[in-house]
Every structure is written in C-alpha cells, then in structure tokens.
There are 2 protein chains.
Amino acid sequence: MQIAPAFKAPPRLLMGPGPSNTAAEVLSAMSQPVVGHLDPVFVKMMEELKTMLRAVFLTSNEMTFPISGTGSAGMEFCFVNLVEPGDEVIVGVNGVFGTRMVDVAERCGARVTKVESGWGNIITPQQISEALRQVSKPKLVAIVHAETSTGALTPVEEISKLTHDAGALLLLDTVTSLGGCPVRIDEWNVDAVYSGTQKCLSCPPGLAPVSLNARAMEVARRRRTTVQSWYLDVNLLASYWGQERVYHHTAPISMNYALHAALRLVLEEGLENRWRRHKQNHLALKSALGAIGLDIVSQEGHQLWQLNAVRVPQDVDEAGVRKRLLNDFNIEVGAGLGPLKGKIWRVGLMGETSTRENVRLFLSAFCQVLNECGRKTDVKAALAAVE
Amino acid sequence: MQIAPAFKAPPRLLMGPGPSNTAAEVLSAMSQPVVGHLDPVFVKMMEELKTMLRAVFLTSNEMTFPISGTGSAGMEFCFVNLVEPGDEVIVGVNGVFGTRMVDVAERCGARVTKVESGWGNIITPQQISEALRQVSKPKLVAIVHAETSTGALTPVEEISKLTHDAGALLLLDTVTSLGGCPVRIDEWNVDAVYSGTQKCLSCPPGLAPVSLNARAMEVARRRRTTVQSWYLDVNLLASYWGQERVYHHTAPISMNYALHAALRLVLEEGLENRWRRHKQNHLALKSALGAIGLDIVSQEGHQLWQLNAVRVPQDVDEAGVRKRLLNDFNIEVGAGLGPLKGKIWRVGLMGETSTRENVRLFLSAFCQVLNECGRKTDVKAALAAVE
C-alpha cells in the first residue's frame with residue numbers, strides 16, 4: 001500500500017549534537033494556521049525576528065535574518081556571497097565543519113589555505129597569523145566557533161584582530177555556540193556569521209540565522225561576478241527581508257513562527273542566564289563523568305558547555321550503548337565522526353535539553369547501560385557528583 | 001524592548017498563489033516533538049515519504065525525495081546538478097518562473113536559449129522544436145508546467161518527445177501543478193522534476209519535492225566539474241536519503257512530519273478525485289466570474305484549475321480590492337507580477353482551499369468589495385452560476 005500510517009513521534013530526550021528538545025510554546029506556535037509570505041502580519045513578524053536575532057547575536061547589523069534552509073545553507077550563504085573565483089580564503093580545520101567549509105569555499109572557486117589542528121583541539125591565533133603571512137592577499141578567514149564534531153570552542157577575539165590587520169574579513173560558524181555560550185558579533189568584530197536553529201536556540205531545524213555587517217555587505221554588493229546561487233544571493237534576499245518586500249521565494253512560514261517563539265524564550269531567560277545554565281550543567285556532567293572514571297576528549301580549558309565529547313572506555317561497544325539508550329530509555333546521544341568515530345559519544349546539553357534533571361536522567365540510564373556492558377559503574381557516585 | 005509579543009496568526013482563507021490552507025492533521029503533525037535526523041523512526045518515515053512522493057509524482061524513480069528548502073531551492077537543485085559551464089540549455093519563458101529558470105541556469109554557466117511566449121500563453125511544441133534545431137548540442141530543455149504568475153498550463157508530452165529525439169533531458173517545474181492536475185512523470189518521460197509543498201499538496205512551505213530518473217542521475221554522476229552547491233549536491237544527498245544514511249545536513253524534521261501528513265491526505269483522497277475537485281471548483285469560479293462580466297486572462301483551453309488570473313476591470317483599484325478582502329474578510333488573493341502587475345488578481349484554489357464553499361465565500365466578499373468600488377456587481381448571479 002502506498003499510504004503510510006500516520007507518523008507518531010516518540011518522546012525522545014535529545015542529548016545528541018542537535019536537534020535539541022523544543023519547548024511546548026515553540027511546537028504550538030508552529031501549529032498555528034499558515035498565512036501568506038507577503039501578509040502584513042507576517043511582514044511585521046519578520047521585523048520582530050530580525051530585531052530578536054540581533055539581540056541574540058549581540059549585533060546591530062541591519063542584514064540579520066534567517067536563511068530558508070538548515071545551518072549548512074547558512075554556511076553556503078556566507079561563502080557564495082563573499083567569495084569569488086580566485087579569492088584567497090583561510091579556513092580553520094579542526095573537525096567536520098571546518099572540513100565542510102573548505103569544500104564549500106572550493107566550490108565557490110576559492111584558493112583555500114587550510115589551518116589544521118587535531119580533532120578536539122582549537123585553532124590558535126598563532127596558526128592564523130602564520131597563514132596570513134603566507135597568503136599574499138587573504139580575503140576571508142573562516143573559523144568554526146564551536147566544533148560540534150569534537151566539542152572544542154575556539155576563542156575568536158585575537159583571531160579577529162589578526163584577520164582585520166591583514167585586511168581580510170572574518171566569517172564565523174556559530175551553529176552550536178549561539179544561545180549556549182557567549183557570542184558577541186559586534187564586540188568581536190565578526191563580519192559574517194551563520195547559525196542554526198536546532199541547537200542552543202531549541203527550535204526545530206529548518207532555518208539558518210545569519211548576519212552580515214556593512215563591510216561584508218559592501219563586498220557582496222561590489223562583486224565582479226554574479227553570486228552562483230540564486231536562492232542564497234544576499235542582493236536578492238535583501239529586497240525581501242529589507243524594506244522593499246520584493247517577492248523572492250516563499251518563506252517557510254511555520255518555521256518562522258517557531259523561531260519567533262524560540263527567540264522569545266531565549267530573550268526572556270536572558271543571554272547571561274542562559275549561558276550560565278549551560279555552563280553549570282556541563283560542569284555537573286563533567287564532574288559526574290570524572291566520578292565514574294570517564295573524561296572528555298576535547299582540549300582542556302576549551303571544552304564546549306553544550307556538547308560533551310565523552311571518551312568511550314576500552315572494551316565498551318560504543319554503538320551498542322547508544323542503541324540501548326535510545327531503545328530502552330528514549331535518550332539520543334550522538335556518535336563520533338571522522339577520526340573520532342567509535343571513540344566518543346557526543347552528549348549534548350543544548351537549549352531546553354540543558355537541565356540538571358536531564359543530566360541526572362542521562363547518568364542513571366548511562367550507568368545502567370555501562371554496567372550491563374560489563375563495566376562496573378557506580379551510579380550513586382555519578383549522581384552525588386552532580387549535586 | 002527587544003522581546004516581541006507572542007505571534008498570533010489570523011485565520012486567513014488563503015486564495016492567492018500559495019501558500020494554500022493547511023489541514024488540521026498537517027498542523028498537528030508538525031507540532032509533535034522533534035526527533036533526531038538519524039533516529040531509526042525518522043529514517044523509516046523518510047522511506048515512507050519517498051514512497052508517497054513517488055505515488056504523487058506517478059514515478060518509480062529511486063531518487064525521489066524532498067529538498068530542505070522551498071520550491072526555488074528545488075529549481076536550483078535541478079540546475080546545479082544537471083548543468084555544467086558551457087552547456088546548452090533551452091528554457092521556456094512565459095512568466096516569472098521561466099524567467100527565474102534562465103537566471104538560475106546562467107548562474108550555473110549555461111548558454112541559455114530562451115523560448116518566449118506572452119505572459120498568459122503556453123509554450124508550444126513548435127517553439128521548442130525550432131529552438132532544438134537552432135542549438136547545436138542541447139543538453140536540457142526546461143519548462144514550467146503550471147505558470148503560477150499567469151495561470152497557464154503548458155502541455156508536456158509532445159515537448160518531451162521532441163526533447164528526447166534531440167538527445168536532451170527534460171526538466172519540469174511542477175510547483176503549482178503537483179496534486180492539483182495531472183502530473184505523470186514516468187508516462188511523460190520527464191527526466192528531472194521539482195515541486196513545492198505549499199500549493200496543491202497543502203503543506204506549509206519549506207520543502208521542495210524532487211525526482212530524478214536514472215538518465216538524469218547518470219548525468220549528475222558523470223559530471224566533469226564539481227556541483228557548485230554543497231547543500232544541493234545530489235551525489236551527497238543520495239547518501240543521506242539512500243540506504244547509506246550518511247549524515248549530510250540536519251533535515252528539517254518538523255517540515256518532514258508535515259509533508260508526511262499532507263501526502264497521506266492527498267493519497268487518501270486519490271489523485272484522480274483530487275484533480276477532479278480542482279477542475280470542478282475552477283469551472284464553478286470561472287462560470288461565476290462570467291456571470292458578473294469578468295474573465296480569466298490566460299490562454300483559453302490552457303487555464304489552470306488551481307490558479308485563476310482574473311482580469312481587473314477598468315477603473316477598479318486592483319490593490320485596494322486585495323487590501324479590503326484581506327482586512328475585512330480575511331481572504332488573501334495574489335497580485336499580478338511583471339507585465340501583469342495591476343492587471344490581474346491571482347485567485348488560487350489549491351489543495352485544501354479548493355472547495356465549493358470557499359468559491360462561494362470568495363464570490364460573496366469579492367462582489368461586495370467590487371460594489372463598494374462603484375462597479376455594479378450582481379452577487380446573486382455570481383452565486384447562482386456556481387450551483
């Protein structure tokens with residue numbers, strides 16, 4: 001039969017690398033009736049979205065809005081608009097998303113210089129400084145702020161200064177960082193930034209918030225060549241998201257409802273409070289992991305609060321543990337990717353998911369599964385360390 | 001204050017060029033909790049989506065799935081995968097979407113031959129035949145099946161035969177046709193097709209169903225150059241939507257829930273029944289418009305059932321009528337675009353919106369507004385013509 005049964009989503013506790021759990025307000029916002037993409041009530045909501053996104057990115061950039069695609073579309077948006085064939089681009093590569101940036105930049109015709117660190121480590125200002133010296137006319141430096149594949153947080157301020165001293169633009173991936181730890185676009189002088197909705201903003205996946213400052217917009221406007229993507233051309237998108245409201249594409253209405261509701265929750269909580277909550281729950285989890293002899297593989301001092309790359313102990317079946325957690329406890333955690341495949345579990349504490357209660361729920365289930373795998377694990381010690 | 005009030009969507013009757021109204025089942029499907037994009041229950045649903053999309057496209061193409069973007073992303077998906085720099089592409093241009101195809105194809109480096117008809121008219125096989133003779137090595141012929149900007153439906157079968165006789169691929173835009181009138185991908189031998197969710201499938205905007213046959217996939221696989229879009233590269237997408245389930249991007253989970261529910265409703269009604277419903281409500285509206293002295297500008301014999309391009313009578317304020325319908329009756333109709341701006345209203349009867357009751361609701365409101373504009377309009381005659 002061609003007609004599938006109605007889909008019933010199980011109530012997962014989403015503790016992987018995203019999506020994170022979504023507040024009831026966000027889900028119910030999304031179930032409101034659809035309106036037209038040029039309806040005055042929708043246009044007003046678009047303005048509110050832009051204002052709230054600016055508040056979350058800590059920027060006054062006029063060109064701040066959600067791309068109608070997931071986080072990777074946001075990445076592509078930044079590269080296709082800022083890079084032209086032959087441009088020199090420096091990319092920090094310390095995980096999946098830096099690797100992806102290289103691929104996307106090359107598809108735009110960029111000459112890419114990779115600045116590589118081991119997976120789990122950060123990209124240092126020294127590395128960027130050296131690359132900037134080697135490249136004759138660097139146009140763009142691209143860095144992943146929070147590497148979702150490894151759990152490492154690269155500090156941005158010094159890299160930003162070096163980049164601008166060399167006359168280049170700074171592009172920052174904040175897919176996993178935004179809403180979960182400090183992201184200060186104007187203070188850090190970031191020229192272009194993209195994010196996703198499904199991590200620490202706790203909105204379903206489907207949109208990619210982006211922001212370009214005046215310098216980046218000038219580069220996009222003064223291109224020699226046409227932007228290779230019609231769908232992501234900022235010059236066209238500016239007419240729809242700006243004051244002219246020229247029809248470009250049909251915006252994903254319901255996803256914008258969801259983002260509106262999610263941003264309201266972020267701002268109601270307050271950025272500082274939200275960051276603190278992420279930090280505290282990360283520290284609680286880390287301390288509990290320590291109590292049962294487990295550790296986080298990412299570079300000490302630069303570990304993400306929202307994603308914990310937990311080292312898989314020897315003789316434990318990495319995939320088997322994830323499967324048991326999902327099937328018996330409805331808890332999703334992520335697998336390692338690339339060189340970390342089979343070596344880590346990625347335990348996310350993002351947005352709505354980041355609560356003390358969820359840390360405890362995870363630990364109880366996790367210890368039980370480890371015990372069944374034959375690794376003696378003291379759940380009481382783990383839970384005691386959380387208090 | 002940065003925090004906007006919660007958004008309350010007004011209950012619009014969506015009778016424009018899309019989005020159309022959405023069934024309660026679809027809205028409630030979307031409000032289910034989010035699961036992970038690699039969760040086995042989601043992967044199973046992806047398979048069901050592919051099966052149901054094949055049933056709706058009337059195709060057995062393996063590569064049939066929704067792109068994570070709106071209809072225009074589906075257009076871009078087809079061009080970036082099938083076209084390489086220097087390729088000869090023939091595009092039928094008889095409205096906004098043919099014009100857009102030219103733009104997208106040129107951004108892929110295509111040498112484009114435009115086959116133009118007046119807005120409101122169809123593209124004829126004779127025109128395509130002539131273009132195919134003039135172009136030395138045509139790779140692709142691209143046609144908009146249902147031009148949403150003009151209300152004209154271009155027949156595809158003969159054009160398909162001519163295209164294949166010349167050794168080219170046929171690309172078809174079915175954004176507005178799919179689910180509202182016959183679309184027979186395999187029978188018509190269409191090599192690549194894209195659609196949108198927010199027209200006659202009555203799902204919120206946000207996804208673009210696409211389908212490529214084996215011939216098109218072979219062209220995509222054997223490219224000399226890398227696909228210029230990472231986000232839309234079918235070779236990468238095939239690994240996520242195929243059996244390997246390699247992580248590519250985070251699929252918009254909730255939108256896929258919505259599409260799953262919407263496709264169930266389409267198939268439960270049955271394609272033939274759904275097409276007949278669209279036809280009958282179009283004929284009812286057309287007959288009522290005739291009774292009050294109004295007509296449809298699109299070419300007679302090729303008028304869309306799902307979108308009616310109603311000629312604005314002289315001395316009537318086109319925008320004023322739309323505004324009154326929206327503000328006083330919660331009814332959205334569309335404006336004309338390009339050369340038809342100010343000359344037509346676009347009255348959609350798509351998917352859930354296409355009911356006899358909605359035709360009556362529209363006529364009552366429309367006649368009242370026209371009367372207030374000083375154009376004597378007999379609402380009773382209009383309604384009588386609907387019976």
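Helices and strands are DSSP runs numbered from the N terminus, with at least four residues (H or I) for a helix and at least two (E) for a strand. The legends below refer to a predicted model.

Figure 1. In chain A, A:Pro19 lies in the loop that joins strand 1 (13–14) to helix 1 (24–30). The peptide bond from A:Gly18 to A:Pro19 is cis, and its omega is near 0 degrees. In chain B, B:Pro19 is located in the loop between strand 1 (13–14) and helix 1. The bond from B:Gly18 to B:Pro19 is likewise cis, with omega near 5 degrees.

**Figure 2. Overall architecture of chain A.** The chain contains 13 helices and 14 strands. Its radius of gyration is 21 Å, close to the 21 Å that the globule rule gives for 387 residues, so chain A is as compact as a globular protein of that length. The C-alpha trace extends over about 65 × 55 × 45 Å along its principal axes. Of the 387 residues, 59% count as buried. Among contacts in chain A with a separation of 6 or more, 71% come from residues 24 or more positions apart.

**Figure 3. The two domains of chain A and their contact.** Domain 1 covers residues 24–267 and domain 2 covers residues 271–386. A distance of 29 Å separates the C-alpha centres of domain 1 and domain 2 of chain A. To the contact between them, domain 1 contributes 22 residues and domain 2 contributes 22 residues.

Figure 4. The same surface serves both copies, since 100% of the contact residues of chain B recur in chain A. In the interface, 65 residues of chain B are in contact with 65 residues of chain A. The elements of chain B that give two or more residues to this side are helix 1 (24–30), helix 2 (40–57), helix 3 (71–82), helix 4 (96–107) and helix 9 (253–269). Helix 9 of chain B gives the most, with nine residues.

**Figure 5. Helix 11 of chain B and its surroundings.** Helix 11 (residues 318–329) has twelve residues and reaches 16 Å from its first C-alpha to its last, close to the 16 Å expected at 1.5 Å a residue. Within this helix, B:Val321, B:Leu325 and B:Leu326 are buried. Because these residues cover an arc of only 130 degrees around the axis, they are on the same side of helix 11 of chain B. On the other side, B:Ala319, B:Gly320, B:Asn327 and B:Asp328 are exposed. The cover over the buried residues includes strand 12 (331–332), strand 14 (344–348) and helix 12 (356–372) of chain B. Helix 11 of chain B is followed by B:Asn330, which has a positive phi near 60 degrees.

**Figure 6. Loop residues with positive phi, one from each chain.** A:Asn330 is not a glycine, yet its phi is positive, at about 60 degrees. A:Asn330 occupies the loop between helix 11 (318–329) and strand 12 (331–332) of chain A. With 15 other C-beta atoms within 10 Å, A:Asn330 is partly exposed. B:Ser202, also a residue other than glycine, has a positive phi near 55 degrees. B:Ser202 is placed in the loop between strand 9 (192–194) and strand 10 (208–212) of chain B. B:Ser202 has 28 C-beta neighbours inside 10 Å and therefore counts as buried.

Conventions:
Residues numbered from 1 in each chain as written. Chains lettered and ligands numbered in written order. Predicted model: local features only at pLDDT ≥ 70, side-chain atom pairs only at ≥ 80, totals over all residues. Contact = placed C-beta atoms within 7 Å. Rg over C-alpha atoms; globule rule 2.2 N^0.38 Å. Buried ≥ 20, exposed ≤ 12 C-beta atoms within 10 Å, placed from the backbone. Expected span 1.5 Å × (residues − 1). Arc of directions from axis to C-beta. Domains from an automatic or database assignment.
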